[in-house]
Amino acid sequence: MSKGTVVLAYSGGLDTSCILVWLKEQGYDVITYLANIGQDEDFEAARKKAESLGAKKVFIEDLRRDFVEDFIWPSVQANAVYEDRYLLGTAIARPCIARRQVEIARKEGAQFVSHGATGKGNDQIRFELTCYALYPEVKIIAPWRIPEFYNRFRGRTDLMEYAQKHGIPVPVTLRAPWSMDANLMHISYESGILENPKSHAPADLYLMTKNPEDSPTAPDVLEIEFKNGVPVRVMHVKEGKSKETPLDIFSYLNEIGGKHGVGRIDIVENRFIGIKSRGIYETPGSTILLKAHLDIETFTMDKEVRRIKQGLGIKFSELVYNGFWYSPECDFVRHCIAKSQENVEGKVQLSVFKGQVYVLGRESPKSLYNEELVSMDVQGDYDPCDASGFIRINAVRLVSLETKTTCNTCEKMFTNSIKSWYSLFLHRLREHHRLQGFSGNKQ
């Protein structure tokens, strides 16, 4: 008698193929689910493999468009970077995959979901927090946390022997020196010979990007147009070629970035579970977008709003990395970031060349840049004398610390400076309102 139905997040690789057969051994009916999020995969071959191994049903879901619009675009708005370097390619993909897994489980009346994430990594957390948030009554089978499973399969050698015994065809050999995870946003590499943080990555490791030394000798100049903080069009300036749908835009930026070796990083990061790990990542398209978005955002966003938004971006990155995409706090942060992007609109021209992205220029109807005001040759609507009071106000604390001046002295210094400081502050506020086109009543 069946113990119930389980929806297995299936990749077609060694681990999940063995897990499929093992779950059947345990008495479960298994539905396999394979998400197409842009990885280079023979999906029909994976379907046939799952069916041959006894899957009750096989779902192959094309989530590429959902991945870009619902997950990558919010990360672009946030300038999402974990620990200053990692662009979250794996972390952002997991809630996208798990969301559809839950939808299938509900539709098929499955009481269980399962995955092949290890007991030491972040992915187990990301998958399961999403499943619990969207399907609270679901039960999760995580084989790599079940002693009966992990004591039986202590390494890839045991898995290979099990696969051979049960007729499981797998492309991985015992000599594979690292593991890899790929999607539309990036490819990550870890484990094996990469676990020694001193070891250099082999030259043949990288699949998504060319070695910058071997990349073209001429740059590709692109113009990326943004609206509400997300790209709506990318154009190759020389060729005149343009892309306008989210999936086409992102795929094209991957192509150009990969061609020039953009987006390679080799880092040690802090996993949520408390372990430091070494990872190598290729993220070409998102690296280009990060540069472009940072530029147009600074050009169109008020200084103090952007300072707050920067903090929200860091918080967003931490929440996504740790698996809390479907949490009330992450929902709140995403809404705040989306609000901040209402005026992030315009075009950025940049050069992609030899592993680097160089911003060349920008324009926007929502620009807060005043060429006359900033000019060193034209005074404009600005009184340099106001800066004296501004400086003295900011010096009060420093002078007090150094000379231990009395409160009366500090108060006198403050009083003499406040008028100039206030004038400078009002100037900034008026200039912001003027550039945003506010009416006199709103001011």
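This note walks through a cavity, a helix and a loop residue.

1. Before you start, keep in mind that this is a predicted model, where local features need pLDDT of at least 70 and side-chain atom pairs count only at pLDDT 80 or more, while totals for chains, interfaces and linings use all residues. Residues are numbered from 1 along each chain as its sequence is written, and side-chain values use heavy atoms, with hydrogens and water left out.

2. Let's begin with the cavity. A cavity here is a set of points, on a 1 Å grid over the protein atoms alone, where a 1.4 Å probe fits but cannot get out. A search of the whole structure turns up one cavity of 30 Å³ or more. The largest cavity holds about 100 Å³ of space (a volume is the space filled by probe spheres set on the points, which are joined across faces, edges and corners).

3. Lining residues have an atom within 4 Å of a cavity point, and among them are S75, V76, M185 and L289. The lining splits into seven nonpolar, three polar and no charged residues (nonpolar: Ala, Val, Leu, Ile, Met, Phe, Trp, Tyr, Cys and Pro; charged: Asp, Glu, Lys and Arg; polar: the others, Gly among them).

4. Where does the lining come from? Helices α3 (64-78) and α9 (284-300) each give at least two residues, and α9 has the largest share, three residues. Helices are DSSP runs (H or I, at least four residues) and strands are too (E, at least two), numbered from the N terminus. Domain 1 (5-175) and domain 2 (182-301 + 343-363) each contribute at least three lining residues; these bounds come from an automatic or database domain assignment.

5. Finally, find L207 in the loop between β7 (187-190) and β8 (220-227). Is L207 buried or exposed? L207 is exposed, with a relative accessible area of 56%. Leaving aside neighbours within four places in sequence, L207 still contacts M180, I187, Y189 and E282.

Definitions and conventions
On a 1 Å grid over the protein atoms alone, a cavity is a set of points where a 1.4 Å probe fits but cannot get out, and a pocket is an open set with protein on both sides within 12 Å along at least five of seven lines; lining residues have an atom within 4 Å of a point. Buried means under 20% relative accessible area, exposed over 50%, partly exposed in between (1.4 Å probe, protein chains only). Contact means heavy atoms within 4.5 Å.
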